[in-house]
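Thanks for asking me to look this one over. Here are my notes, in the order I would go through them at the screen.

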Amino acid sequence: MRKSGVLLPVFSLPGKYGIGCFSKEAYRFIDFLKKSGQSYWQILPLGPTSYGDSPYQSFSTFAGNPYFIDLEKITEDGLLSKDECDKADLGKINDDINYGLLYQNRFSLLRKAASRSHFDETEEYKSFYNKNSFWLDDYALFMAIKDFYNGKPLWEWEKSISLHEADAVAEWSKKLSDDIRFYCYLQFEFYREWSSLKKYAHDSGIDIIGDIPIYVSADSADFWAHRSLFQLDENGEVDRVAGCPPDGFSADGQYWGNPLYRWEYHKKTDYKWWRTRIDKCLELYDVLRIDHFRGFDEYFSIPAKDDNARNGHWVKGPGIDLFKAIKADHPDARIIAEDLGYMTDSVRQLVRDTGFPNMKVLEFAFDSRDSSGANDYLPYNFNHNCVVYTGTHDNETLRGWFDDILPEEQQLAKDYLDVRTDDPLEVVDKMIIMAQSSVADLCVIPLQDYLGLDNTARINRPSTIGCNWRWRVKKDQLDEELSAKIYKMTKLYGRL
C-alpha cells in the first residue's frame, strides 16, 4: 500500500526550554501530519547522547534521552515551578540548540523534580522497573559513576568498577544510591511520556519509524556490562573497532571507534542480546530503520590502537542467520534496511533474502560520472519494495544539495525534472514530486525539503563535531499553507 511520511528528529521540534521534546508541540506536529495526509513520522535514535551530541553515539541502546522529557509536563505534575524553568538558561534562540547549556542547567531542574517525586513508591514505577530492570540497573549505575568521575569515559575509572566486577558493582551501588534513583526517575518519566505521545500518534493514524544504530559506543552501559559481546584483546580491552575504508573522499577512511561484535559468540547464544534489543525497539517504534545494514553482511575491522582506517579490512558478518532469529520472534516486524554507501552483490542479496525494503535517496541519482542509466537511485530503476527519500539526516537539504553540485549535474537534474527556469526551489518541488510519484511503497521527505530550506537547516555533516544535531523548525513554519501543499501532493500521487 502506498504511503508517505515526514522525517523530523524529536530535537528539531519547536517549543520552549531549548530543545524539541515530548511537549505540546510534539502533539501539534502529529496533528500537522494527520492534516497533511501523512501516515508516518520518522525520527532519529532516542538514546541519551554523549560528547558530540550524536544520537548515533549513545550511553545506552535501551535508555531514552532525558533532554526529551517535557519540563511543562513536570510543572503540571507539581514537581517544578514555571518560575524555576523560566529562570534556567537553556538557550534563547528558538531555531538552534545549545547542548552545553542543556547539560549544565536542564539536569539540575530534573534533579529537583526527582527529589520531590515519590515515583518509586508507585505501582506504575514498580511495573516499569520489573519490565526494564535487565538494562536499567546497569544503565543507572553507569551514569551515576560517570557523574562521580565528572564525565570521564569508563576506561579512566578505577579498574575494578571499569571491568564491572561483581563486588565493585555492589559497593558502588550502595555508595551512589541517590544518583541511581535519579537516573531511574529519568527513564521512568521518559518512557511514560513517550508512551503517551506514541498512543496519540496511533490514535491519529500515524506510525513511528524509529532508527537504531548497528553499533554501540565503547563508553556505554551496553559495553561496560556485557564485554563478552565484543571483540577484546588479552587484557580485556577493545581490540578492533568499526569504520569505513579509505576512498576518493577520505584518504584515511573513517575511524568510528565503536567496538565490534563477537558474532560467533552471538550465534552461540542464539543472538539473545540482539533479539532482546529488537524486542525493546519494537515496543518503542512501529517500524525500524536499521542503520549501516551492510555491516551485517561484511563489516570493516580496524585495529583499535590506530587513529585512522588505513589498516582495516573487511570481515564477514552474521548475514541472514541473525535475521532468521529476529523473524522467528517477530514474523511481521516492519524493518527498513539502510543499505547506502558502497554496495556489493552480497549486500544486495542479503537485502533480498530478508525481504526488507531498502532505501533510495534521490540526491544520489544525478552523478555526472555515471552515464550508464543503471544508477540505483533513478526512479525508473526502483521496484515497489523500497523507501524513497529526497535526502536523509546525513545529507544536505535539497536546496543546499542543488546549490553545491557541479553545473553539469545541475543541468542533468533540470533536464530530468523538466525544469526550465533558474529557480532552485522549482528543482526542490519537482524532486519531491519525483519521490511522491515513484513506485516506492513508502515515500519519506525531510521537513526541511518541504520548506525549501538551504544548508543552514542541515541536520548532520558526517565527520564533523560541534555544528550538528541542532536545527529546529519554527512554530510558524508549520502553517496551513504547508499542510495543504503536502496534502495535495500526497493525494495526487495515491499515498493518502
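1. A word on terms before the cavities come up: on a 1 Å grid over the protein atoms alone, a cavity is a set of points where a 1.4 Å probe fits but cannot get out, and lining residues have an atom within 4 Å of a point. Please keep in mind that this is a predicted model.

2. Let me start with the second largest cavity, which has a volume of about 100 Å³. Its lining is made of 13 residues, and Thr392, His393, Pro446, Gln448 and Ile459 are those nearest the centre. Sorted by class, this lining has four nonpolar, six polar and three charged residues.

3. How many cavities of 30 Å³ or more are there? The count comes to three. The largest cavity has a volume of about 220 Å³.

4. Around the largest cavity there are 25 lining residues, with Pro45, Gly47, Ser60, Thr61 and Pro213 nearest its centre. The elements giving two or more residues to this lining are helix 8, strand 3 (207-212) and helix 11 (272-284). Helix 11 has the largest share, at three residues. By class, the lining of the largest cavity has 15 nonpolar, seven polar and three charged residues.

5. Turning to open space, the second largest pocket has a volume of about 490 Å³. It is lined by 25 residues, and Thr49, Phe59, Tyr67, Tyr103 and Phe107 are the closest to its centre. Which helix gives the most to this lining? That is helix 4, with six residues. Helix 4 (99-116), helix 5 and helix 8 each supply at least two.

6. Helix 5 and helix 8 deserve a point of their own. The axes of helix 5 (residues 123-148) and helix 8 (residues 177-203) come within 8 Å and cross at roughly 130°. Because angles over 145 degrees count as roughly antiparallel and 65 to 115 as roughly perpendicular, that angle makes helix 5 oblique to helix 8. The crossing of helix 5 with helix 8 is right-handed.

7. Who meets whom between these two helices? On the helix 5 side the contact includes Phe128, Trp135, Leu136 and Tyr139, and on the helix 8 side the residues include Ile180, Tyr183, Phe188 and Tyr191. Charged residues take part too, among them Glu124 and Asp147 in helix 5 and Asp179 and Arg192 in helix 8. By class, the contact has 14 nonpolar, one polar and four charged residues.

Methods:
Residues are numbered from 1 along each chain as its sequence is written. This is a predicted model: local features need pLDDT of at least 70, side-chain atom pairs count only at pLDDT 80 or more; totals for chains, interfaces and linings use all residues. Side-chain values use heavy atoms; hydrogens and water are left out. Axes are lines fitted to C-alpha atoms, for helices over the stretch in contact, and angles run from 0 to 180 degrees between N-to-C directions. Helices (H or I, at least four residues) and strands (E, at least two) are DSSP runs, numbered from the N terminus. Angles under 35 degrees count as roughly parallel, over 145 as roughly antiparallel, 65 to 115 as roughly perpendicular and the rest as oblique. A crossing is left-handed if the near helix is turned anticlockwise from the far one by less than a right angle, and right-handed if clockwise. Contact means heavy atoms within 4.5 Å. On a 1 Å grid over the protein atoms alone, a cavity is a set of points where a 1.4 Å probe fits but cannot get out, and a pocket is an open set with protein on both sides within 12 Å along at least five of seven lines; lining residues have an atom within 4 Å of a point. Grid points are joined across faces, edges and corners, and a volume is the space filled by probe spheres set on the points.
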